[in-house]
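Me: I have a model open and want to go through it with you. Can we start with a backbone detail and work outwards?

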Amino acid sequence: MLSKKQLFTRGMLDISPHMLSVIPFGIICGAIGVELGFNPYLVYAMSFIIFGGASQIVFLQLLSGGGSSLIAVASVGIINSRHLLYGAVLSEYLEKLSFIKKLLISYIVVDQGFAESNKFFKKNRGEEYLHYHLIGTGCTLWVCWQFATLSGIILGSFVPEELGLKFAIPLTFIAIVVQDLKKLDHVIVMITCGLSSLLFFDAPFKSYIIISPVIALFVAALLLRLKK
Amino acid sequence: MTLTSIIFAGILTYLTRMTMIALISRDMLGDKIKAVLEYVPSAVFPAIIFPGIFINDYGTFIEINDPKIYGALVAIVVGYFSKNIIATISAGLISYWLLIFVIFN
C-alpha cells in the first residue's frame, strides 16, 4: 500500500514528461492574448478561472475577431465538454471521496492528467488513496500552466514562432495513445475519431471535439457487441 | 473580453469537469457503459491529434508532403518501441525541425 505522499509524487513524476509540450503551449497561449491586444490581467484570469489550454486560445481568437461573447463562452463549454467523458471514467475510482473532495478535485482534471492517472488507476485499483495520484498530476499541470501562461503574458512570445512548437500538442497525445495501437479494436476507434474530427472540423462552436468522440464511442460499443 | 464572460466560461468548464465526478455514482452506469468507457482515451485524443497535424493555423488542410505528417509518423514509431513520452515528443519535434530547417530549406 502506497502512502498519500508516495502517490502524489508518483503522479508528479508520471505527468512531468508532458511539460515538454504543456509549457511551450502555455507560453504561446499567454503571448497570443497580449498580442491580440487584450488586458494582460484578463488573459491571466483565464488560466486561473477556465484552466483549459486550447479553449483559452479559441476564446481569445473568437473575441478578437469581433465575435459575440455568448458564442465565445458557448464554444469554451463545448470544447471542454469532453471532460464529461473523463469524469465518467474517473468516477469509478473517486467514488469513495466525500462530496466536497469531489468538488475540489474536479477543478484539476485536464486531458493529460486524466490520461496518466487513468493508466495508473487501471493498474493499481487496490490502492486506498488512489486519488492522490490525480492530485499529483493535476497540481503539477496547474502550477506549470499558470507559470507558463504568466511568462508568455509578461515576456511575450520569446519562443520563436518558426519552431512551430504548437506541434508538440498532437505529439504529447500520440505519446499517450501510442501503446494502444497494439489492439485492433482501439486502432479502429482511434481512426474513427480522427477521421470524424477532420470531417466535422468546420462544425459550429468547434463541436468536432465532442462529435467525433461520441461517434467513436458508438463504434466501440458496436465492436464490443461483435466480440461477444 | 470582460471578466464576466471569463467567469461564465469558467463556470461552464468547471461544470463539465464536476458533473460526472460529483453527481454520478457508479451504480448509475451499467456494465455495458463501463465497458464502452474503457475506450475513452482512444475515442477522444485523436480528435486533438488529427486536427493538430492535418489542419494548419488558418483552418485549412495541409499538403500531402507537410513535414508534420513525417514528424508524427516518426513520433508514432519511436513512441511505440521506446514507450517513453519524452523520446516520443522529442523525436517528433526534431524530425519536424530537420525537415523544415535543413531538408526543405
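Predicted model: local features only at pLDDT ≥ 70, side-chain atom pairs only at ≥ 80, totals over all residues.

Me: What are the scores?
Reply: ipTM is 0.95 and pTM is 0.95. Mean pLDDT (the predictor's confidence in each residue, from 0 to 100) is 95 for chain A, with 100% of its residues at 70 or more. Chain B averages 93, and 98% of the residues score at least 70.

Me: Where in chain A is confidence lowest?
Reply: In helix 4 (residues 53-64) of chain A, at a mean of 93; the highest is helix 11 (residues 184-199) of chain A, at 98.

Me: Back to helix 2 of chain A. How many residues does it have, and how far does it reach?
Reply: It has 17 residues and spans 24 Å from first C-alpha to last, close to the 24 Å expected at 1.5 Å a residue. The expected span is 1.5 Å times one less than the number of residues.

Me: Why is helix 2 of chain A described as largely enclosed?
Reply: Because 14 of its 17 residues are buried. Buried means 20 or more other C-beta atoms within 10 Å of the residue's own, exposed means 12 or fewer, and partly exposed is in between, with C-beta atoms placed from the backbone.

Me: What covers the buried residues of helix 6 of chain B?
Reply: The cover includes helix 2 (19-35) and helix 10 (168-177) of chain A, together with helix 5 (67-82) of chain B. The buried residues of helix 6 of chain B include B:Ile85, B:Ile89, B:Leu93 and B:Tyr96.

Me: How many residues of chain A and chain B are in contact?
Reply: 76 residues of chain A are in contact with 58 of chain B, a contact being two C-beta atoms, placed from the backbone, within 7 Å. Helix 6 (residues 83-94) of chain A gives the largest share of the chain A side, 11 residues. That side divides into 51 nonpolar, 20 polar and 5 charged. Nonpolar covers Ala, Val, Leu, Ile, Met, Phe, Trp, Tyr, Cys and Pro; charged covers Asp, Glu, Lys and Arg; the others, Gly among them, are polar.

Me: And the core, which residues touch the most other members?
Reply: A:Ile174 and B:Ala43, out of 98 residues in the largest nonpolar core. Such a core is a set of buried Ala, Val, Leu, Ile, Met, Phe, Trp, Tyr and Cys residues joined through C-beta atoms within 7 Å. Leaving out residues up to four places away in sequence, B:Ala43 touches A:Val189, A:Cys193, A:Pro213, A:Ala216, A:Leu217 and A:Ala220.

Me: Last one: is B:Ile64 buried or exposed?
Reply: B:Ile64 counts as exposed, because it has 6 C-beta neighbours inside 10 Å. B:Ile64 sits in the loop between helix 4 (46-54) and helix 5 of chain B.

Definitions and conventions. Residues numbered from 1 in each chain as written. Chains lettered and ligands numbered in written order. Helix = DSSP H or I, 4+ residues; strand = E, 2+ residues; numbered from the N terminus.
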